[in-house]
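Colleague: I've got this one open and I'd like to go through it feature by feature. Could you show me how to read it?

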Amino acid sequence: MSPMRRCSRSACRRTAVATLTYVYADSTAVLGPLATYAEPHSYDLCAEHSERLVAPRGWEVIRLAPDPAALGPSNDDLLALADAVREAGRRPEPAPQQPAPGEGGARRGHLRALPDPDA
């Protein structure tokens, strides 16, 4: 498990909950849910600092609210987990019997493996 990320503000030791990214070309600051990975040109902020965020004069702040449905496990996650548990609980199928060396060939579908006549 990855360590918790801390707020990027100096002297703040709180856990980060949001990521701030600047779009300089558009004079826009985008504040959204905590990014999956820490990026070099973005800033992780705690709840207090993300709520108090103000942008420079002439800049726009876009606040992206997290989708509440995306916070918990999805149906796909739960189905994948159930499939993995079912697969792990299955008994292994017995390995096909291999003929002893020198005994005719093993039949595999429509092909037959023949013993080497020079052996």
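Modeller: Let's begin with the sheet: two strands pair if DSSP finds at least two bridges between them. Strands here are DSSP runs of E, at least two residues long, numbered from the N terminus. This is a predicted model, where local features need pLDDT of at least 70, side-chain atom pairs count only at pLDDT 80 or more, and totals for chains, interfaces and linings use all residues. Residues are numbered from 1 along each chain as its sequence is written, and side-chain values use heavy atoms, with hydrogens and water left out.

Colleague: Then what is the order of the strands in the open sheet?

Modeller: The order is 3-1-2-4, in an open sheet of four strands with mixed pairing. Strand 3 and strand 4 (60–63) have a single partner strand each, so one side of each lacks a neighbour in the sheet. From one strand to the next, the twist averages 20° (axes are lines fitted to C-alpha atoms, and angles run from 0 to 180 degrees between N-to-C directions).

Colleague: In which sense do strand 1 and strand 3 pair?

Modeller: Antiparallel: strand 1 (residues 18–23) and strand 3 share four bridges. Within that pairing, Leu 20 sits opposite Tyr 43 of strand 3.

Colleague: Which residues make up the largest nonpolar core?

Modeller: A nonpolar core is a set of buried Ala, Val, Leu, Ile, Met, Phe, Trp, Tyr and Cys residues joined through side-chain atoms within 4.5 Å. Buried means under 20% relative accessible area, exposed over 50%, and partly exposed in between, with a 1.4 Å probe and protein chains only. The largest one here has nine residues: Cys 7, Cys 12, Ala 18, Leu 20, Ala 29, Leu 31, Leu 45, Cys 46 and Leu 53.

Colleague: Is Thr 36 buried or exposed?

Modeller: Exposed, with a relative accessible area of 65%. Thr 36 belongs to the loop between strand 2 (28–33) and strand 3 (42–45).
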